[in-house]
Amino acid sequence: MLLEVNGLCVNYGRIEAIRDITFSVEEGEIVTLIGANGAGKTTTMKTISGLRPVRAGSVMFDGKDITHMPSHERPVLGISQSPEGRGCFVGMTVMENLEMGTYARPDRKSPAVKKDLERVFELFPRLKERSNQAAGSMSGGEQQMLAMGRALMAKPKLLLLDEPSMGLAPKLIQQIFDIVTEINSQGTTVLLVEQNAAQALKRSHRAYILETGEIVREGTGKDLAADPAVKAAYLGGDV
Amino acid sequence: MSEAFKDEPVMEINPDVDIAPEPVGGPIVAEGEKLLEVDNVTLRFGGVVALNEVSFHINKGEILGLIGPNGAGKTTCFNVMTGVYQPTSGGVRYLGKPLGKRKKFQITKLGIARTFQNIRLFANMTALENVMVGVDAHHSTGVGSAMFRLPKHRREEAEGLARAMELLEFMGLRGKANELARNLPYGDQRRLEIARALATSPQLLCLDEPAAGFNPAEKAKLMELIRTIRDQGYTVLLIEHDMKLVMGVTDRIVVLEFGRKIAEGSPAEVRDNPAVIAAYLGVDEEDAS
Amino acid sequence: MDWVRALPKPAKIVLWVLFLVFLFALPLLNIPFITTPDSDFGGVLFTVSTYVLVALGLNIVVGYAGLLDLGYVGFYAIGAYTVGVLSSLHGSWPWLWTVPVAIGAALISGILLGAPTLRVRGDYLAIVTLGFGEIVRLTLVNSQWLNGAQGISNIPRPPGAELFEVPSLDWSSGAPVVDLSNTTTFLKFGITDQIPYYWLALSVILLVLLFDKLVKDSRVGRAWEATREDEDAAELMGVPTFRFKLLAFALGACIGGLSGALFAGKAGFISPDSFVLLLSILFIAAVVVGGAGNRWGVILGAIVVGYFPERFRDFADFRVLVFGLALMLLAIFRPQGILPPRRAVRAIEADEKLEALEEGEVRV
Amino acid sequence: GTKGGDTSSAGASGGSQAACDLKIGMFGALTGPNANLGIYIQNGVNLALDDYNKKHPNCQVKLENYDSQGDPTQAPGLAKKAIDDKKVVGIVGPAFSGESKAADPLFNEAGLVTITPSATNPKLADNGWKTFFRALGNDATQGPAAAKYIKDTLKATKPFVMDDASEYGKGLADIVRQDLGSAVVGNDTIQQKQTDFSASVTKVKASGADALFYGGYSPEAAPLIKQLRDAGWKGTFVVADGVKDQSFIDNAKTAAEGTIITCPCVPADVAPEFAAAYKAKFGQDPNTYSGEGYDSATILLDGIAAGKTRATMVDFVKSYDKKGVTKQLKFDAKGESADIKVYAYKVENGKIVSVGEIK
Amino acid sequence: MQYLFDNFWALTITGLTLGAVYALVALGYTLVYGVLRLINFAHSEVFMYGTFAALWVVTFLGGNATGSIAQVIFWIAMMFVAAMAMSGLIAVLLERFAYRPLRKRNAPPLIALISAIGASFVLAEIMGLREKITGWFGLDTPLATYVRNSRNNAGMPEIITPQPVFTLGDYAVTNVDIFVIVGAIAIMIMLDQFVKRSRLGRGIRAVAQDPESAALMGVNRDRVIQVTFLVGGVMAGAAAAFYMLKIGITRYDAGFILGVKAFTAAVLGGIGNLRGALLGGFVLGLAENYGSAIVGTEWKDVVAFLLLVVILLFRPTGLLGESLGKARA
Ligand SMILES: Nc1ncnc2c1ncn2[C@@H]1O[C@H](COP(=O)(O)OP(=O)(O)OP(=O)(O)O)[C@@H](O)[C@H]1O
Ligand SMILES: Nc1ncnc2c1ncn2[C@@H]1O[C@H](COP(=O)(O)OP(=O)(O)OP(=O)(O)O)[C@@H](O)[C@H]1O
Ligand SMILES: [Mg+2]
Ligand SMILES: [Mg+2]
């Protein structure tokens with residue numbers, strides 16, 4: 001198991017954002033969390049990357065208990081997140097943002113970094129075009145690409161993607177999912193949060209459905225995608 | 001909805017509440033006539049041409065979709081229309097008159113209101129106060145009338161409060177009137193943004209990706225909301241990437257790519273336009289919905 | 001405070017009236033421990049009142065409109081000097097006439113300073129205003145027309161009447177005894193007795209408080225708050241943010257000028273030494289420590305900053321040190337101020353719960 | 001200490017015998033940045049009090065301190081406090097001119113006598129305050145003396161005059177300017193707390209001045225002369241009593257050598273007994289205005305010994321005429337010292353030595 | 001005006017030496033502002049402690065005007081080491097006790113300003129009361145040389161007399177002038193390189209712009225902030241050493257005015273921008289000297305502030321202010 005989440009509870013003040021959730025991600029998998037607004041998906045992601053303190057439960061990564069590890073130490077282990085709302089460094093250029101992605105990489109001075117940069121530019125030519133533009137002046141979708149590119153630059157073992165398709169054009173959404181599949185096939189484990197559930201389920205090995213802070217269902221991507229109840233609630237069957 | 005899932009409190013609106021724009025003076029065009037014209041607008045940021053000789057117009061009473069790939073210039077277009085940026089060349093005409101170098105707040109007073117791609121509420125004010133700020137756009141109470149509680153002040157406060165409560169009621173936010181904006185759930189915040197924009201009694205309401213981060217069920221609700229808003233007498237300009245929503249709600253669509261207009265027409269026309277498919281929709285369209 | 005809110009309206013009014021009477025009687029009551037042992041209590045109360053007044057004015061600028069003004073003492077000085085110049089140095093106007101002119105002069109200087117600088121980004125405003133405060137002081141020191149460092153003496157006192165004598169209390173025997181030998185003449189603005197000046201300042205504070213409340217609870221107050229929260233968004237919602245910022249600045253300046261005029265009328269002598277940069281900083285401290293944006297909070301803050309150094313003169317040389325420590329501790333333990341503004345209260349409650357939970361969790 | 005006990009109340013009215021629980025006040029900066037001057041005065045006052053209390057073991061007088069920190073805004077509250085304390089029959093102070101302006105109107109109104117040992121602004125005496133007395137010469141006497149010294153003794157032909165824009169410094173410098181007249185080759189004003197004087201140094205050097213009169217205090221005088229010497233200026237530095245302070249030499253080091261200091265204060269050798277007693281008690285030589293402090297207190301104590309009360313003290317001081325450690329203690333109608341001498345001092349080998357009276 | 005031209009070089013060189021000190025102190029403001037978006041009001045005290053460290057170490061080592069070249073170099077070196085160490089230490093303590101507790105409580109930025117003001121009072125007063133405080137431990141007599149008259153000026157023994165090296169116009173440029181100007185620029189180049197090489201600069205900006213995202217990238221926020229304070233402090237220490245070489249006299253409240261000036265310099269150059277601090281410092285130093293030559297020395301500070309206002313009107317983010325950093329509507 002690369003990631004094991006056990007009985008996790010997280011609060012915002014009195015609000016219990018997630019209650020006793022347990023799930024795991026195997027090395028090499030794509031696992032998706034789906035759920036309505038406010039179900040606690042983002043909170044789960046933030047907790048895994050250490051941005052939210054844990055009230056109860058534990059998070060294990062690669063066999064190591066990281067429940068209380070400070071967030072900035074986790075990228076060193078190989079956890080990288082593309083946060084919801086992008087979180088680009090608005091005052092830095094696109095290039096500097098991408099370089100920030102390598103901040104915690106032990107091999108940040110090696111030529112491998114250059115290769116990765118080329119790869120990101122290949123995936124998102126717009127970023128190459130605009131490598132000297134301030135991230136804050138990029139369009140919403142461009143910033144989303146940048147956030148994803150930055151996460152890729154970290155060469156993580158576990159990539160956390162929080163709604164990577166938000167604000168992207170339909171054509172690009174396809175591409176994003178292709179990219180996710182591709183980097184996964186190259187060995188990166190992915191934990192994905194998506195509103196675009198149909199696409200996400202199709203491409204993931206397993207998925208969990210989160211509802212008001214609890215996991216209410218789990219299964220393989222295909223099974224869930226075929227489940228009529230899931231279809232009705234999350235896949236945009238006719239409402 | 002299947003009983004397998006608890007009944008999620010998907011945003012419920014009260015479409016029957018009357019929230020028609022307050023008559024705030026000035027000329028009003030008839031239904032179906034040109035409300036706003038974007039006329040040959042070009043905008044450059046250094047080397048980047050964000051808008052390149054873009055022209056289109058919005059008719060009174062319609063829902064116009066503005067779509068295009070990321071970075072095509074849609075948000076920039078909003079920014080030009082609301083006075084955030086001055087176009088390098090060309091201009092915007094509203095009710096037949098150029099906007100010129102008007103300040104942002106003056107344009108709002110003329111009747112153009114907007115929401116933001118990233119939510120920008122007044123986070124530490126209550127929902128009601130957020131909406132009241134919008135209502136205040138057409139008020140003129142100053143220090144003097146507030147200090148002496150002149151009749152003008154009292155009338156404006158009373159009317160403003162009534163309208164703000166109506167808007168909250170309409171959006172289904174009445175119960176949250178006294179919550180701080182920053183404590184509202186995401187969906188409520190999106191709706192509060194719309195309420196705040198409506199509070200300025202705009203002729204034209206510009207929505208920038210209002211459905212971002214919504215799931216299909218929520219998107220369907222939003223679609224309904226947008227229609228109701230139009231039916232109450234507003235004209236709506238909508239930026240959105242969700243094709244189902246755009247196709248379902250708009251009367252007409254303008255497509256931008258690399259700052260240029262590449263297509264314009266009814267949803268059906270645009271959907272089948274090969275240039276739009278190539279630039280924006282992608283081939284595997286059925287999959288995207 | 002909640003139990004006050006729960007009371008019926010007549011009871012509330014009675015409470016308020018009693019409280020006001022108590023405030024006016026404070027310098028006569030000579031309550032042990034509260035009364036400053038090492039400096040005249042009436043004088044200290046007057047000083048505290050000027051702090052309160054200034055803090056109320058600065059609160060409009062800092063607390064409501066969110067503009068960091070580190071040069072507020074400049075307006076205070078302009079108010080005082082206007083009075084000094086017109087009533088003593090270059091004219092012989094009665095004090096009362098000079099007050100509106102002082103307010104006007106502060107207003108104009110507020111607009112002159114604000115118009116060009118309020119367009120500057122928020123953080124930069126701090127240093128620009130700080131510079132303004134220094135420019136005012138340096139001008140006072142170096143301008144011969146304003147009598148330079150010598151300052152202005154013989155400023156006339158406010159007009160008064162001598163109606164009746166008010167006795168004070170004496171506690172030296174342990175219990176309060178009415179002391180008829182130590183009385184204050186109502187309403188004689190004399191030289192030695194400072195209590196009538198306190199009464200004057202207190203009355204002005206009440207007026208300003210009323211003004212503050214009326215203006216804050218209106219479109220103007222909302223516009224300030226919106227501007228502070230997100231200037232661009234406010235502008236796009238139809239708020240002419242620049243105008244409102246300038247308005248806040250000008251109103252703040254007026255109140256600063258008014259406090260200066262009061263100070264000049266009581267002191268009778270002013271010099272540039274009374275308007276040092278440090279005062280600006282203490283003013284800001286009063287507002288922030290009390291709770292920027294909450295008028296009751298800033299009043300408390302002003303009392304902390306104005307009263308405690310006088311009450312604890314025993315610390316002698318260690319006064320400033322202790323004061324500095326107190327500021328640090330207040331900042332750490334009341335980060336939102338002593339009485340945070342209403343909007344923050346709910347947020348804090350949530351945050352505090354969260355903190356408690358988090359702390360619990362760490363120990364687990 | 002012993003208290004007067006039963007005799008105390010009788011004394012006040014008797015007229016011949018002293019009341020026994022009276023106090024005198026010391027008003028000035030005892031803490032804060034300007035505390036030094038206040039403490040030198042306080043030492044002098046304490047010495048006088050010791051002398052008195054030794055002679056009147058059964059009828060001690062106490063000292064009440066009013067620590068204004070030199071701040072005019074704090075002064076009125078303290079003055080009121082002193083006035084309200086009916087046992088206080090006289091005040092030594094206020095020490096500075098600014099606080100005097102703020103506090104003296106109160107003392108005047110209350111009829112509480114003040115003898116200032118150090119506030120030298122000439123205009124203080126022009127306010128018609130009945131309770132105002134000054135135990136030393138004011139700047140109007142010191143200024144001309146300084147100008148005279150520059151003209152006659154130094155024979156400077158190109159004097160430069162500088163001040164610190166303070167009431168004291170500028171007032172003094174203006175008098176010097178006036179007396180030197182057209183000979184002055186340049187003027188400059190610096191600000192208190194300034195530490196870098198490069199612009200002024202350039203100005204002095206460019207003027208070719210052979211003497212510089214500086215009206216101000218030692219915290220600025222020390223770095224000023226240091227920077228002038230560093231820049232190679234060779235003229236004579238002339239300052240007034242505000243700089244007469246060992247710290248000036250400690251800080252300016254060798255640059256202070258040769259500095260001329262004028263002061264309406266007596267050199268230690270004029271009152272050797274006082275100097276010895278002071279040294280014995282405080283472990284150092286008497287400093288600026290210690291002697292004046294001693295004299296001022298002595299006048300008030302003599303008044304107490306003569307059975308004066310607050311109400312009668314003013315007339316007592318007015319008609320006082322005795323030799324003190326600094327001069328003949330006698331006041332004119334405005335409260336100014338009738339017997340004023342200005343002395344010149346010089347910094348030699350790290351010490352301030354007297355070079356005699358300026359006549 | 002004529003006077004300005006006649007003494008141009010004298011005003012320029014002395015303005016530059018002063019500007020160098022401003023610039024070094026300004027760095028501390030700029031660095032901290034860059035990461036925390038707040039005015040580190042107590043930075044002036046960090047500088048002031050450096051001046052005392054320099055003074056004490058020279059006094060302790062028995063520095064005097066007649067030392068050999070080697071001795072003088074040793075004294076100066078020790079001065080810098082002591083001042084930089086002391087200022088660095090104070091800056092780190094300041095961060096630890098005045099800022100970190102607030103950050104942990106998510107305090108609004110304004111309250112941090114108050115905490116800083118409080119800390120500034122505390123630090124200045126501790127220095128101003130050092131005689132009394134050491135007195136509690138009976139140390140005031142043995143340490144008399146260091147603590148006596150603690151409210152007064154304290155002068156450093158002269159270890160180097162300015163010697164003219166060459167003349168520019170009619171101004172004899174001294175060894176001290178050259179040392180201060182060249183030294184300050186050299187130190188700033190070193191800092192610039194350090195910030196680049198160490199990723200510190202990027203870490204600072206990342207933390208400033210989005211602390212959460214920065215943590216996701218592996219940036220240790222507390223560490224970055226601490227190092228920022230340390231570096232700012234060390235720079236202030238260097239400034240303090242230069243200042244003592246040139247002015248030679250300090251006092252417990254010597255930091256205040258210099259701090260205000262340095263902060264002005266930081267804003268002038270574009271706060272948050274290291275090179276801006278350098279430029280701002282020199283511009284301010286020169287402007288003060290030229291300004292006082294034109295309108296009179298007493299208006300020196302007025303000139304400085306007016307210049308600031310004018311520059312901000314035309315360049316709202318300072319001379320070299322970042323054009324980046326604005327979020328979009
Ligand atoms: N900063 C916050 N303060 C208080 N409550 C919060 C905060 N952030 C989230 N919450 C609450 O926690 C719950 C879970 O939120 P979370 O953001 O994890 O949901 P989500 O599943 O990611 O939703 P979305 O689809 O909107 O991104 C919600 O009820 C939300 O209102
Ligand atoms: N201030 C600016 N400086 C430089 N380039 C800018 C600026 N603002 C926008 N741009 C560029 O202009 C182009 C249009 O941006 P805009 O935000 O209008 O795109 P959009 O159509 O809204 O895209 P999205 O769907 O991703 O939000 C983008 O390439 C963007 O990078
Ligand atoms: Mg989310
Ligand atoms: Mg956009």
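## Close-up views of a predicted model

**View 1. An exposed asparagine in chain E.** With a relative accessibility of 62%, E:N106 counts as exposed, because exposed means over 50%. Welcome to this predicted model; we start in the loop between helix 4 (69–104) and helix 5 (109–128) of chain E, where E:N106 sits. Although E:N106 is not a glycine, its phi is positive, about 55 degrees.

**View 2. A lysine with positive phi in chain D.** Here we look at D:K253, a residue other than glycine whose phi is near 55 degrees. Its loop runs between helix 9 (246–252) and strand 10 (260–263) of chain D. D:K253 counts as partly exposed, at 25% relative accessibility.

**View 3. The magnesium ion held by chain B.** Two side-chain atoms coordinate the magnesium ion (ligand 4) at 1.9 to 2.2 Å: OG1 of B:T75 and OE1 of B:Q117. These partners come from distant parts of the chain, 42 residues apart: B:T75 belongs to helix 1 (residues 74–81) of chain B, while B:Q117 lies in the loop between strand 6 (112–114) and helix 3 (127–135) of chain B. B:T75 counts as buried, with 11% relative accessibility, and B:Q117 is also buried at 11%.

**View 4. An open sheet in chain B.** Four strands form this open sheet in the order 2-1-4-5, with antiparallel pairing. Strand 2 (48–59) and strand 5 (97–98) of chain B are the edges, each pairing on one side only. Within the sheet, five bridges join strand 1 (residues 34–45) and strand 4 (residues 89–94) of chain B. Look for B:E37, which stands opposite B:R93 in strand 4 of chain B. Helix 1 of chain B lies across strands 1, 2 and 4 of chain B, at about 115 degrees to strand 1 of chain B.

**View 5. Two helices packed together in chain A.** Helix 6 (residues 140–153) and helix 7 (residues 170–185) of chain A pack at about 10 degrees, their axes 13 Å apart. Helix 6 of chain A brings A:M145, A:M148 and A:L152 to the contact, and helix 7 of chain A brings A:L172, A:I176, A:I179, A:V180 and A:I183.

**View 6. Two cis peptide bonds.** In chain C, C:F186 and C:L187 are joined by a cis peptide bond with omega of about 0 degrees. In chain D, the bond from D:G93 to D:P94 is cis, with omega near -15 degrees. D:P94 lies in the loop between strand 3 (88–92) and helix 4 (97–110) of chain D.

Methods
Residues are numbered from 1 along each chain as its sequence is written. Chains are lettered from A and ligands numbered from 1 in the order in which they are written. This is a predicted model: local features need pLDDT of at least 70, side-chain atom pairs count only at pLDDT 80 or more; totals for chains, interfaces and linings use all residues. Side-chain values use heavy atoms; hydrogens and water are left out. Donors are N, O and S atoms within 2.8 Å of the metal (3.2 Å for Na, K and Ca); water is not among the atoms, so sites may look incomplete. Buried means under 20% relative accessible area, exposed over 50%, partly exposed in between (1.4 Å probe, protein chains only). Two strands pair if DSSP finds at least two bridges between them. Contact means heavy atoms within 4.5 Å. Axes are lines fitted to C-alpha atoms, for helices over the stretch in contact, and angles run from 0 to 180 degrees between N-to-C directions.
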